[in-house]
Amino acid sequence: MYKKGVVIEIQFPPERLNDAAGDPYWIDLTLDEARRLHAQLARRFASESDARANQPLDTFSIE
């Protein structure tokens, strides 16, 4: 669901959610996944003119 100010949606299967420690929950990323996410965010915010609120939402998927 879109919320104002959101620029990226992270999609992942439920089994990737680490909820063993209770709230808050987190998703463990591999080094490769973290690098891909960082690269995607870096491209998104490469210049101020590209990071406008009316841009389509980016999607980052984790298997």
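Q: In what order do the elements of the protein chain run from the N terminus on?
A: In this predicted model, the order is β-β-β-α-β. The secondary structure comes to 1 helix and 4 strands.

Q: Why does Asn 18 count as buried?
A: Buried means under 20% relative accessible area. Asn 18 has 18% relative accessibility. That value is under the cut-off, so Asn 18 counts as buried. Asn 18 is found in strand 2.

Q: What makes the meeting of the Asn 18 and Asp 28 side chains a polar contact?
A: A polar contact needs a pair of N or O atoms within 3.5 Å, one able to donate a hydrogen and the other to accept it. The side chains of Asn 18 and Asp 28 make such a contact at 3.0 Å. Asn 18 also touches Tyr 25 and Trp 26.

Q: Why is Phe 12 called partly exposed?
A: Partly exposed lies between the buried limit of 20% and the exposed limit of 50%. Phe 12 has a relative accessible area of 31%. That falls in between, so Phe 12 is partly exposed. Phe 12 is found in the loop between strand 1 (8–11) and strand 2 (17–18).

Q: What makes the pair of Glu 33 and Arg 16 a salt bridge?
A: A side-chain nitrogen of Lys or Arg must be within 4 Å of a carboxyl oxygen of Asp or Glu. For Glu 33 and Arg 16, the N to O distance is 2.8 Å. This is within the cut-off, so the pair is a salt bridge. The pair links distant parts of the chain, 17 residues apart: Glu 33 is in helix 1 (residues 31–44), and Arg 16 is in the loop between strand 1 and strand 2.

Q: How do you know whether Glu 33 is buried or exposed?
A: The relative accessible area of Glu 33 is 8%. The buried cut-off is under 20%. Therefore Glu 33 is buried.

Q: Why do Asp 32 and Arg 36 form a salt bridge by this rule?
A: Their closest N and O atoms are 3.7 Å apart. The limit is 4 Å, so the pair qualifies. Asp 32 and Arg 36 both lie in helix 1, 4 residues apart, about one turn of the helix. By this rule the count comes to 2 salt bridges.

Q: What makes Arg 36 partly exposed?
A: Arg 36 has a relative accessible area of 38%. That lies between 20% and 50%, so Arg 36 is partly exposed.

How values were computed
Residues are numbered from 1 along each chain as its sequence is written. This is a predicted model: local features need pLDDT of at least 70, side-chain atom pairs count only at pLDDT 80 or more; totals for chains, interfaces and linings use all residues. Side-chain values use heavy atoms; hydrogens and water are left out. Helices (H or I, at least four residues) and strands (E, at least two) are DSSP runs, numbered from the N terminus. Buried means under 20% relative accessible area, exposed over 50%, partly exposed in between (1.4 Å probe, protein chains only). Contact means heavy atoms within 4.5 Å. Lists of a residue's contacts leave out its neighbours within four places in sequence.
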